[in-house]
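The sequence and structure are shown first.

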Amino acid sequence: MATSTPRSPAKPAPNWLRWLPGLALLKSYQAAWLPKDIAAGLVLTTMLVPVGIAYAEASGVPGVYGLYATIIPMLAYALFGPSRILVLGPDSALAAPILAVVLSVSNGDPMRAIAAASMMAVVSGLFCIVLGLMRLGFITELLSKPIRYGYMNGIALTVLVSQLPKLFDISIDDAGPLQEMQQLALAVADGQTHWPSFAVGAASLAVILLLKRFDRVPGILIAVILATLAVKLFGLDAQGVKVLGEIPQGLPSLAWPWLSNADLVKIVLGGCAVALIAFADTSVLSRTYAARTHTRVDPNQEMVGLGVANLAAGFFQGFPISSSASRTPVAEAAGSRTQLTGVVGALAVGALLIAAPNLLRHLPNSALAAVVIAAAIGLFEIKDLRRIYRIQQWEFWLSMLCFAAVAVFGAIPGICLAVVIAVIEFLWDGWRPHFAVLGRVPNLRGYHDLKRYPNAALIDGLVLFRWDAPLFFANAELFQQRLLEAVEASPSPVRRVVVAAEPVTSVDVTSADMLRELCETLSREGIALHFAEMKDPVRDKLKRFELSRLFSDDHFHPTVGSAVDDYLGHTDANGRGR
């Protein structure tokens, strides 16, 4: 009888390899994926070039630096990024905050603009890497969906308004979206529009929007090619249509980004702001495609991958980058299987810069503005806001407040305000949580809220009080006040209070001191304070906060029912202690 040779167990991957998901993937790479990854990479290139140039212009730096911000970051993410399919690069959502900082510190000098943008990328990269290593990848989840909608809608408006002057070929001062719209309207009414530029840009925008409904049709590429051919064939540049012009030949070089006599605070705050925006978008997109491919993505590693990509952009003359909600679907539709698609795309863009940079010299600026405007239109979220207005109006108005803040004050102050509002919203929910006095409902198991069940029976001498939130400094006093009010409102003299503490997931020093004071106050009235269903980690904290003297083990009960049974077992029929 033949015997099978036992297989030796596979050696576990080295611990350091988990920080290099791209390298780890090579061990399981299948040869059948290679043709699909190469083909998808070449298809992706057709979008990388025009979009990269357009978003660079929208960010306040020369167009070629958008290609620089595409090549090296995509190679870096292929090595450090956990997502198999995500495409990174310049993004319209980052254009407004980058532009706000660049304009304020560059004084109109293109080289200073490049240095400022690269410094922002370095700050953004370091910020993401540090948070990823500290396993704080959840941080962007602190921003609620309505608040994210608000600042993204504000950024979309800011990006759109910043590109309209280029569409009309009108120069206006940078003064925030509302004032810029006013200046533009006055300039158009004054007849300052350059109609050939507007015709090219408007036609490009129409082509992009009309073809957008067809997923497999590269509408941006078609619009850009048609606009470039129109300029070349009809000599529109001689009629005043501004074009991209000469692009430096060659690849980006390693350079230390530094800007003397600059407001470093603005650059650091801007870099941190774009990092939060980039990771919020990247984490959502990454999770979406992970669900489609039945894989799991570590959010902390995603933050590290995004950080390394931004760091690479900053040191190779790029600017902050993010995941792309428009280029990633293109890669997926083209058959991408792994990050080799991005590597092929990056190498193809590099080959273009080396071999044929002049192919892009007649690309009109108004067509690039149309590309960004089309992307900005896609950023607006209206449908889900209607649903939020219908089901929770105060969160809708929070979203509108964030939108107005970005529109009035600009991207960076607006985003900072959005974060502040998010923190206030979080604290408010914990500061004024739901609470309930519980009673027994006939024919219904358990103990339930008297407000929902007014006919619920109370137990003489006992108050069952539930607090639906963690106990912390912001709500400690309110907890004490509400509990004492429940004691005063009891129809019979109270001998014991039981806090149904299952929703209480944490306590801090302030709330622990409040419990000490509350216990002493109740004791003077002959009332004992007990707890039911308190989680072990919370009990451990009470011990650490030196409350063991007040609350011994018999003050804690596994369920509300057992707490009631214990109370009844220690009282007589008249509710007096035995």
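A pocket, on a 1 Å grid over the protein atoms alone, is an open set of points where a 1.4 Å probe fits, with protein on both sides within 12 Å along at least five of seven lines; lining residues have an atom within 4 Å of a point. The model is predicted: local features need pLDDT of at least 70, side-chain atom pairs count only at pLDDT 80 or more, and totals for chains, interfaces and linings use all residues. Residues are numbered from 1 along each chain as its sequence is written, and side-chain values use heavy atoms, without hydrogens and water.

**Largest pocket**
- The largest pocket has a volume of about 1400 Å³, a volume being the space filled by probe spheres set on grid points joined across faces, edges and corners.
- Its lining has 45 residues, and the closest to its centre are Ser-324, Ala-325, Ser-326, Pro-329 and Gly-378.
- Helix 10 gives the largest share of the lining, 7 residues; helices (H or I, at least four residues) and strands (E, at least two) are DSSP runs numbered from the N terminus.

**Domains**
- Domain 1 covers 31-167 + 257-361 + 381-423, and domain 2 covers 435-568; such bounds come from an automatic or database domain assignment.
- The centres of the two domains, taken over C-alpha atoms, are 48 Å apart.

**Loop residues with positive phi**
- Asn-443, in the loop between strand 3 (435-440) and strand 4 (447-449), has a phi near 65°.
- Glu-546, in the loop between helix 20 (536-544) and strand 8 (556-557), has a positive phi of about 65° although it is not a glycine.
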